[in-house]
Amino acid sequence: MLLSSRVKGISDSITMKLNEKALNLNDDGKVIYNLSGGQLPIKPPPEFIEKVHHQLNFLKSYQYSPVAGFPALRKKIMKYVSELRSLPPEVFEEETDCIVSNGSKHSIYNSLGALIDPSDEVILLAPYWVSYPEMIKFWGGVPVVVNSNVFDGFVPAIEDIRKVISARTRVIILNSPNNPAGIHYSEAWMKEFASFLAEFPDLVVISDEVYSEITYFDPKPSYFYQYDRSLLKRTIIIQAISKSLASTGLRLGYAIAPIPIVNAMSKIQGQTTSGPNSLIQRALIDFDFNLIEPFLAPVKHHVRQNAANLREKFREANLGHCWYQSTSAFYFMIDFSRTPMFARFESDHKDYSYQIADELLQNEGITVVPGLDFGLPNSARIALVIEEVPFLEALSKIVKYLNTI
Ligand code: PLP
């Protein structure tokens, strides 16, 4: 069977393979600590579920929506985001529009399709979300990575971004709060980034803000366009209900962008997937977005507690160099390269994160996501969302593993 070279150029998800292995071990009776999840292990708020129930009664919930989504929802989203960002509502009124898609992954995919031609370069700030490079490659683009590490708190230097700008650079993807690092970039960083962008007027920013409501350490995330609103003319704001309403399976994300970009994304959407799920869109039109904050309050409290437990365990175990202040989203990156355990591996600058993730699963029953997929070799992402008691048990096993030579 001949498959397209486009598909052959895209990596399989290692996470899926590890998950399969974890399920098999679980079937064999082994206790598994799942720290690889990218979602909240809870149901959405009851008020939202109730709206979904209510909308089941209407014919329109079962029929096509407009390609870009129901106008009432798009307007409501723009109002909500302008409020979240302390922007006057009129900033999105004239030159900007919103398009609703099947999850924010789909919104990002369509944005890239609207913006890049083959061989165009897209800048990624490492660590980055695993799907960005694959989506860029799918459209024929070239991912260009700017690195950061645990010692700079996973915040890349603006000067390092400047160094990779070329005549082919079209887009930069910013993800704050960041998956996998669980940090958001500071106000000072965002201001510097805004000034940097002013020097490159053709550069478009995809600002992936899907975790912006899940932040548990002040100051809260801010964004470059809040300091220079003219940058909204070349910014695509990406959001979703996946994380903020614990609804990854409902597949509803959106982009707020300049009208020509939204129109281009609509063209792609219209000829491929059509508008997203009408039932969920209609439930969202009815749902009070002000309930998102109280819904997330206990979640944030829980994540903050697990993050504090993690830091404490690492400190106690003399793994201080692995420690950094996570602030938002619900992830933490462990850097293996300076732990005693790493002495077993060759110091040949290769990546051993898959092997280490496999060992953690086979020996300790812990699933983590290998860091290589996030552009950070010899590290792993863990999620801070499971219950505190099993999380503490898993942490004890992790620190023991990291300190075993
Ligand atoms: N962006 C980031 C940074 C993510 O971590 C995820 C999912 O984990 C997404 C986008 C996509 O989310 P969804 O397509 O469920 O909205």
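Where does Y223 lie? Y223 sits in the loop that runs between strand 6 (204–208) and helix 9 (224–227), with helices (H or I, at least four residues) and strands (E, at least two) taken as DSSP runs and numbered from the N terminus. The model is a predicted one, in which local features need pLDDT of at least 70 and side-chain atom pairs count only at pLDDT 80 or more, while totals for chains, interfaces and linings use all residues. Residues are numbered from 1 along each chain as its sequence is written, and side-chain values use heavy atoms, with hydrogens and water left out.

Back to the tyrosine. Y223 counts as buried, since its relative accessibility is 0%; here buried means under 20% relative accessible area, exposed means over 50%, and partly exposed is in between (1.4 Å probe, protein chains only). Leaving aside neighbours within four places in sequence, Y223 is in contact with R85, S176, P177, M190, S207, E209 and S212, contact being heavy atoms within 4.5 Å. F193 is 30 residues from Y223 in sequence, and the C-alpha to C-alpha separation in space is 9.2 Å.

Two of those contact partners, S176 and P177, are themselves joined by a cis peptide bond, with omega at about -5°. P177 belongs to the loop between strand 5 and helix 8 (187–198). P180 has its place in the loop between strand 5 and helix 8 as well, and a cis peptide bond joins P180 to N179, this time with omega at about 25°.

R251 is not a glycine, yet has a positive phi of about 55°. The residue lies in the loop between strand 7 (235–240) and strand 8 (253–258), and R251 is partly exposed because its relative accessible area is 33%. N378, not a glycine either, has a positive phi of about 55°. Its loop is the one between strand 11 (369–370) and strand 12 (379–383). With a relative accessibility of 8%, N378 counts as buried.

S104 takes its place in helix 5 (residues 104–115). At a relative accessible area of 12%, S104 is buried. Its contacts, once neighbours within four places in sequence are set aside, are V210, I238, Q239, A240 and G253.

On to the charges. Side chains of opposite charge can pair when their charged atoms come close. The structure holds 14 salt bridges, each being a side-chain nitrogen of Lys or Arg within 4 Å of a carboxyl oxygen of Asp or Glu. One of them joins the side chains of R168 and D120 (2.8 Å, N to O). This pair ties together distant parts of the chain, 48 residues apart: R168 is in the loop between helix 7 (158–164) and strand 5 (169–175), and D120 is in the loop between helix 5 and strand 3 (121–125). How exposed are the two partners? R168 counts as partly exposed at 40% relative accessibility, whereas D120 counts as buried at 6%.

The side chains of E134 and K137 meet at 3.3 Å, N to O. These two are separated by about one helical turn, because they are 3 residues apart in helix 6 (residues 131–138). E134 is buried, with a relative accessible area of 17%, while K137 is partly exposed at 32%. In helix 7, D160 and K163 are likewise 3 residues apart, about one turn of the helix, and their side chains form a salt bridge at 3.0 Å, N to O. D160 is partly exposed, with a relative accessible area of 29%, and K163 is exposed at 64%.

Finally, the surface carries a patch of negative charge where E47, E50, D286 and D288 gather. Patches are made of residues with over 30% relative accessible area and no salt bridge, like charges being joined within 9 Å. Asp and Glu count as negative, and the place of a charge is taken as CG of Asp or CD of Glu. Accessible areas come from the Shrake-Rupley method with a 1.4 Å probe, and for residues only the protein chains shown count as cover. E50 lies in helix 3 (residues 46–55) and is partly exposed, its relative accessible area being 44%.

Conventions: Patches are made of residues with over 30% relative accessible area and no salt bridge: like charges are joined within 9 Å, nonpolar side chains (Val, Leu, Ile, Met, Phe, Trp, Tyr) within 5 Å.
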